[in-house]
Amino acid sequence: MAHDQQDAATPGAYLIRGAAILGGAAEDLLIRDGIITARGTDLAGTDAADGATVIEAAGLVALPGMVDIHTHLREPGREDAETVETGTRAAALGGYTAVHAMANSNPVADTAGVVEQVHTLGRAAGWVDVRPVGAVTVGLAGEQLAELGAMADSRARVRVFSDDGICVHDPVLMRRALEYVKAFDGVVAQHAQEPRLTAGAQMNEGDVSAVLGLAGWPAVAEESIIARDVLLAQHVGSRLHVCHVSTAGSVEIIRWAKARGINVTAEVTPHHLLLTDELVRSYDPVYKVNPPLRTDSDVQALRAALADGTIDVIGTDHAPHPSEHKECEWAQAAMGMTGLETALSVVQATMIETGLMGWDDFARVTSIVPAVIGRVADQGRPLEAGEPANVTLVDPAARWTVDPSKMATMGRNSPFAGRELPGKVVATFFKGHPTVLNGELNTPYRHGSGQETGPAAAPASGH
Amino acid sequence: MTSVTEAPVPARVVLNSGDIDRALTRIAHEILEANKGSQDLVLLGIPRRGYPLAVRLAKKIAAADPAVDAAAIVGQLDVTMFRDDLSHQPTRPPYPTQLPRTGIDNKVVVLIDDVLYSGRTIRAALDAIVDLGRPRIVRLAVMIDRGHRELPIRADHVGKNLPTSSSEKVRVRLEETDSIDGTPVNEVVIEAGA
Amino acid sequence: MKHLLSTEDLSLANAVRILDTAEEMAAVGDREVKKLPALRGRTVVNLFFEDSTRTRISFEAAAKRLSADVINFAAKGSSVSKGESLKDTAQTLAAMGADAVVIRHWASGAPHRLAATDWIDAAVINAGDGTHEHPTQALLDAFTMRRHWAGLHGTPSAGADLKGMRVAIAGDVLHSRVARSNVWLLRTLGAEVTLVAPPTLLPIGVGQWPCSVSYDMDETLAKGVDAVMMLRVQGERMNASFFPTAREYSRRWGFDDNRLRALDSLGLKDTIIMHPGPMNRGLEISSAAADSPRSTVLAQVRNGVSVRMAALYLLLSGDTREPAATPNSAYSNAAHSTKESH
């Protein structure tokens, strides 16, 4: 992709030329001062394009900036694993312009103070829009509701609440939370894992766990909570969001619930669309994750569900860990996989290249619907004139080999290490400013004046 | 059929079946002569081919001295564990070691092997014997002595002395263990080296 | 063979090779000089993260009989108190010049991690990992069964397999590495295996295993068995509701005096009773059964040293190329024709 620079280029003005908009016909997009000012063919010569830096995008696909409904940025408290700075750099490289940062930090994000701290760190970093998720219960202890209203009213404007990592297993508490968040259009995102059925569990319970001698994690532990929660949501008339759905049985329950008009949304991780528990035979803890990798028939059911809308969105559940928590015995290892920088490629490999989805569906599940669920007004918007310029440019024909040591995330725990994957993010525009150009980090967006640093400044050095 | 089947390779036959048999007859008489009779004799064959040679020798000794029970004086001595080159070879599982019921303490043990070359196999055999008991005398009988000793070892009874170059291979084939194209064969051949 | 981690992927050829080599190693134990120089100068480290005096001593005896040097490393740390990491421990051992690491660990898969990573270069022998595998136990069990089975048929053990032998394995299969290793090895050797346990102590997925499953001990015995292997059951499992009381477990699935008598009345005069130890007398096995002439418990212990000698020898003595062909087993049989009975 050629990157033409005209003399005296106007800062904040970009002309994306010849990109396939959502995989459709090739058109130009003109971006100025954070807004898409024009969309059409042959905008290059027009007055409107005068002074804009041209980005040749023939052969690339233009998508609305991706919105991750489920990420772990680890800060505050677990900066040995990741910080807001490193995590959001990874997000930008992955094509994201917004991420929802889960609340299981240390201290837990269960007060206005902590969520505002995370919000401020996100703005200072400037790579993506960081939307803090508020905990449902104080300290994630599952006993007492956190101050959900205060978090909603804070500068962080929290709308998504989750004890992710831990299940809100007390049915009365879950009911109250579902009811309470209606007051400010919030949604409870449930990590569905019945704690007693999964005490000491290490991997999916099935044929592989029987042979490997690892304590099993039965699918029913996820499904029984989802079944209960959709009925609760129906009963109290609330929205419910289900995190990281991993089994065919869960898909069936959600499909049944939607057919009855229950207001439930669901997410799936990229790794659950590709990987199965057969990989655990190596006992390599890079494959240890919560919920665990399941069987091939689960993978197939999840793909079909994402394609037909039963599962609404992709959530990476990006979970970086320091290497000493993964370079050990399986039973000692932490659970989690990184995902921000591989999400697009894995979804392309499992859904688009298999013919189950097109790029327009991709935009739906990675941007449009996540923004709706999170109530993020300026994200997931159509790529039309007048809309905020959160745009991702992808080269679908690219092939690359995953090398965790070269990633922006501090976490080296990618289960795709060494795999060749399709699709590469070439550029990411956040509020009209390119955070990623030529497939590499550029500069962050500077809030405030609305003016940002010029194009193609030396890319910020690696962490 | 207990055989190793090999495809024929260009080689020079130096002993045929009849030659082998006559050599064994002579060796059997030499053993009796050196021992002044058959008292306390034990023949220990070193696997693989030392063992069938020991069995044949025992029968010839019994033919010459009817007081001898051929089966009762034969045994097998596996030397794999005592080799000095274990870590330089692929792992070799051991053959069974069986001693005659009367053991080897105070006996006249004659070690039997097909080819004597560097002498290292016999050195290992001496170490193996020491761990099994205390013979009164140990002697060595081989079908072929091809020279190139690397240790101070010599045979008491030799079927044939065969000067060879170290690039050549000496092969002893016995009908108990070897066949060519499915036919059991007795011969000693020298194969030219590469 | 570079490592011995499991019996699941142990080929028939390698399994028989280990058992045949163990026969020769057993012979060493009957001599005045119970030593072979084969592993002189090699260092074997016993890396035990779980207490097990008897297994450790068995490996130590095996290594010493082959003239290897033995270092015992009782690693501190457990699932609750972490201690030094597996990686650091392994690299310390490598720096000390270990040629083989015999590892027992409470976490399934720990030996596999040691073998798969580049932390050490030594041969790894799994002496029991969590609830996953215990390959040398299965091998010594098979060695014991093979001698018995061959003896009944009047054939030599060397080179033999276990075709046609009916084996029942009873107890806490879910948590048993001994059960798993035995199921795979017995399948490879051609035996017919029936697992007997309460449904709560059988893993989901056992239906895919190459064996039958029964909840009824008496019915299994009545169908005819040549060996009954009782697994240790922890009484505390009743606190996690795997069975209501030790008494009920014992009555339904224990090898009690009634079942011992049943072997006689069913005409199963040659059936042996096995147990990997340590035994819970009165829970899964009665004292009368444990001490009866049918019991092979002590023979199993003796055979453990021979089998472990064979494993150490086959892993450590050669260079790392593929092993040379097994001695022609039929030839060995011919040699046996003059073998004096021990």
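Visitor: How many residues does the contact take from chain C and from chain A?
Guide: The model is predicted, to be clear. The contact takes 22 residues from chain C. Chain A puts in 18 residues.

Visitor: Which elements of chain C each supply at least two residues of the side that touches chain A?
Guide: Three helices do: α3 (86–95), α4 (110–116) and α6 (177–188) of chain C.

Visitor: And which gives the most to that side of chain C?
Guide: That is α4(C), with four residues.

Visitor: What is the make-up of that side by class?
Guide: The side of chain C that touches chain A has eleven polar, seven nonpolar and four charged residues.

Visitor: Switching to domains. Where do the domains of chain A run?
Guide: Domain 1 of chain A covers 3–62 + 385–441, in two pieces. Domain 2 of chain A is 65–373. Their C-alpha centres are 27 Å apart.

Visitor: How many residues of each are in contact?
Guide: 29 residues of domain 1 of chain A contact 39 residues of domain 2 of chain A. On the domain 1 side, β17 (391–401), β18 (420–430) and β19 (433–437) of chain A each supply at least two residues. The most comes from β18(A), with seven residues.

Visitor: How do the residues on that domain 1 side divide by class?
Guide: They divide into 18 nonpolar, ten polar and one charged.

Visitor: What about chain C, how is that divided?
Guide: Domain 1 of chain C is 12–133 + 302–326, and domain 2 of chain C is 135–299. The C-alpha centres of these two domains lie 26 Å apart. In the contact, 23 residues of domain 1 of chain C meet 23 residues of domain 2 of chain C.

Visitor: Which elements give two or more residues on the domain 1 side there?
Guide: They are α1 (12–28), β4 (123–129) and α11 (297–316) of chain C. The largest share, eight residues, comes from α1(C). By class, that side of domain 1 of chain C has nine nonpolar, seven polar and seven charged residues.

Visitor: OK, chain B now. What does the secondary structure come to?
Guide: Chain B has three helices and eleven strands. From the N terminus, the order is β-β-α-β-α-β-β-α-β-β-β-β-β-β.

Visitor: Why call chain B as compact as a globular protein of that length?
Guide: Because its radius of gyration is 16 Å, close to the 16 Å that the globule rule gives for 194 residues. The C-alpha trace of chain B spans about 45 × 40 × 35 Å along its principal axes.

Visitor: What share of chain B is buried?
Guide: Buried residues are 41% of the 194 in chain B. On contacts, take those in chain B between residues at least 6 apart in sequence: 70% join residues at least 24 apart.

Visitor: How do α1 and α2 of chain B cross?
Guide: The axes of α1 (residues 17–35) and α2 (residues 50–64) of chain B come within 9 Å and cross at roughly 65°. The crossing of α1(B) and α2(B) is right-handed.

Visitor: Which residues meet there?
Guide: From α1(B), they are Leu24(B), Thr25(B), Ile27(B), Ala28(B), His29(B), Ile31(B) and Leu32(B). From α2(B), they are Arg56(B), Leu57(B), Lys60(B), Ile61(B) and Ala64(B). By class, the contact of α1(B) with α2(B) has eight nonpolar, two polar and two charged residues.

Key:
Residues numbered from 1 in each chain as written. Chains lettered and ligands numbered in written order. Predicted model: local features only at pLDDT ≥ 70, side-chain atom pairs only at ≥ 80, totals over all residues. Rg over C-alpha atoms; globule rule 2.2 N^0.38 Å. Buried ≥ 20, exposed ≤ 12 C-beta atoms within 10 Å, placed from the backbone. Contact = placed C-beta atoms within 7 Å. Nonpolar A, V, L, I, M, F, W, Y, C, P; charged D, E, K, R; others polar. Domains from an automatic or database assignment. Axes fitted to C-alpha atoms, helices over the stretch in contact; angles between N-to-C directions. Left-handed = near helix turned anticlockwise from the far one by under 90°.
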